[in-house]
Structure formats: C-alpha cells, structure tokens
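Student: I have a structure to look at, and I would like to understand the labels used for it. Could we go through them one at a time?

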Amino acid sequence: MENSKNNIVNLERKLVEAEKNARLRELETEKEKAKADYRGVDQDEVNQAMETLSQATGKDIFIGTKRTPQSRVRFVQTLQGNQGYLNKKEYFTGREKVFLHDIVPYIAFSTNCIVLDIKAKNPVPANISEIAKLINSNRTNTSTVINSLVKKGILFKGESGVEDNNAKAYAIFVNPHIMYAGDKDNVNQTLQVMFHKAMKMKILKDLPDKLF
C-alpha cells in the first residue's frame, strides 16, 4: 500500500517536472524567436530599454518599424474567387469588363470611390463626365456602363452635386467584394451600408468570398 502511494507521488512529481521542462523549452523558443526578430538583441534588453524610455518620457513607448518605399505603393485588390465566379456566370459584358479594368487607377483607398487623383490628400470624387475623360471614353457610353453596373450591384451612385450642364452629379463607388483599395479585414462601414442590399441579389449573394 505504501509502495503504491510512493509510486503515485513519484509519478505526480515526474509529471510536474515534465510540464516545467516543457514550459522552459517553450519560453526558450519564444526568447530565441524574439531575439531573431530584434536582430540578436535579447528580449529582456529590449524590454528594459522600453521601460527606460517610458520612465524618461512619461509616456507608453511602443516598437514601430519605419515604412518602406513599397508601403507607399497604391494598389487595388481583386477578389479572384469572386471574379472567377462572375466570369463563369457571364455576369459582365465585354464593355463592362473594360470599364472595370480602366477605373482601377482611380479607386481611392478605403472609400473605394472613383476619384480624380488617388494621391491627393483629400481625393475628390469624379463625376460621370470626369470618369469618361479619365478612361478616354465618351460620356454617353460611360453613363450607360455605369448604370448597368449599378443595376448589377457592382457600382453605387451617390448624389454629390450638380454638373456644369445642371445635371445631377454622382460619386461612384465600387463594390469591395469585387475590387477593394483598403484593408480587407476592416472594410469601410459606409461601403458596407451602400452594398448591403446589393449583396442580397441573386448572383452576388452566392459569391464564394465575402468581406462582410
């Protein structure tokens, strides 16, 4: 009986020791990874330096990295699965495909609005006449394609004022489930509202990839 108790105690000790060793190995692995991340500088040294800076400035200090030249490059992300799905469904006409390709350089970051200059500090929405000029098309054809894509839930027209000929001016937004200039994990809430109804349309509701 005494031997059984001793065996149980010894087993428990071994389990505790094994768990302790496993944790130590895990901590060592994390430490080596951190050391690699900080180019050979030990994590404890980094933490000490951060604490010293916090005490000296009276502020919480965080590690950040300098932006690379590549981080300034503007780009539009195409949801390939959705694009392929819509192509198989023959959802777009040839003219609509050309239009969507041509507007890529003018889709503003986060808002997904077609603008005059994506590099501007406060990008200005392009109205239909201006979009026609940007893509080297005439206004009538551009308006026809835009209206068609609005009906298909790919674009959204928001009234933005009056054009030179006293016609209503519209800001045009692109459905982020098709193309998006921004963080796919944090889609602009206004865009979500704009295309909420569109995403319930027959074909769009079955898109393989959804951002919201």
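**Labels and their cut-offs**

Tutor: This is a predicted model. Start with lysine 168, which has a relative accessible area of 48%.

Student: Why is lysine 168 called partly exposed?

Tutor: The label buried needs a value under 20%, and exposed needs one over 50%. Lysine 168 has 48%, which lies in between, so lysine 168 is partly exposed.

Student: What makes glutamate 159 count as exposed?

Tutor: Its relative accessibility is 56%.

Student: Why is the contact between the side chains of lysine 168 and glutamate 159 called a salt bridge?

Tutor: Side chains of opposite charge can pair when their charged atoms come close. Here the N to O distance is 3.8 Å. The limit is 4 Å between a side-chain nitrogen of Lys or Arg and a carboxyl oxygen of Asp or Glu, so this pair qualifies.

Student: How many salt bridges are there in the whole structure?

Tutor: A search finds two. Lysine 152 and glutamate 96 also form one, with their closest N and O atoms 2.8 Å apart. That distance is within 4 Å, so the label holds here as well.

Student: How do you know that this pair links distant parts of the chain?

Tutor: The two residues are 56 residues apart. Lysine 152 sits in the loop between H6 and strand S2 (155-162), while glutamate 96 belongs to helix H4.

Student: Are lysine 152 and glutamate 96 buried or exposed?

Tutor: Both lysine 152 and glutamate 96 are buried. In the protein chain, buried residues make up 28% of the 212 residues.

Student: What is the largest nonpolar core made of?

Tutor: It has 37 residues, and Phe99 and Ile103 have the most contacts inside it. Several elements each supply at least two residues, including helix H3 (80-88), helix H4 (94-102) and strand S3 (168-174). S3 gives the most, with four residues.

Student: Which residues does phenylalanine 99 touch?

Tutor: Leaving out residues up to four places away in sequence, its contacts include Ile114, Ile131, Val145 and Leu155.

Student: How many helices and strands does the protein chain have?

Tutor: The protein chain has seven helices and four strands. From the N terminus on, their order is α-α-β-α-α-α-α-β-β-β-α.

Definitions and conventions: Residues are numbered from 1 along each chain as its sequence is written. This is a predicted model: local features need pLDDT of at least 70, side-chain atom pairs count only at pLDDT 80 or more; totals for chains, interfaces and linings use all residues. Side-chain values use heavy atoms; hydrogens and water are left out. A nonpolar core is a set of buried Ala, Val, Leu, Ile, Met, Phe, Trp, Tyr and Cys residues joined through side-chain atoms within 4.5 Å. Buried means under 20% relative accessible area, exposed over 50%, partly exposed in between (1.4 Å probe, protein chains only). Contact means heavy atoms within 4.5 Å.
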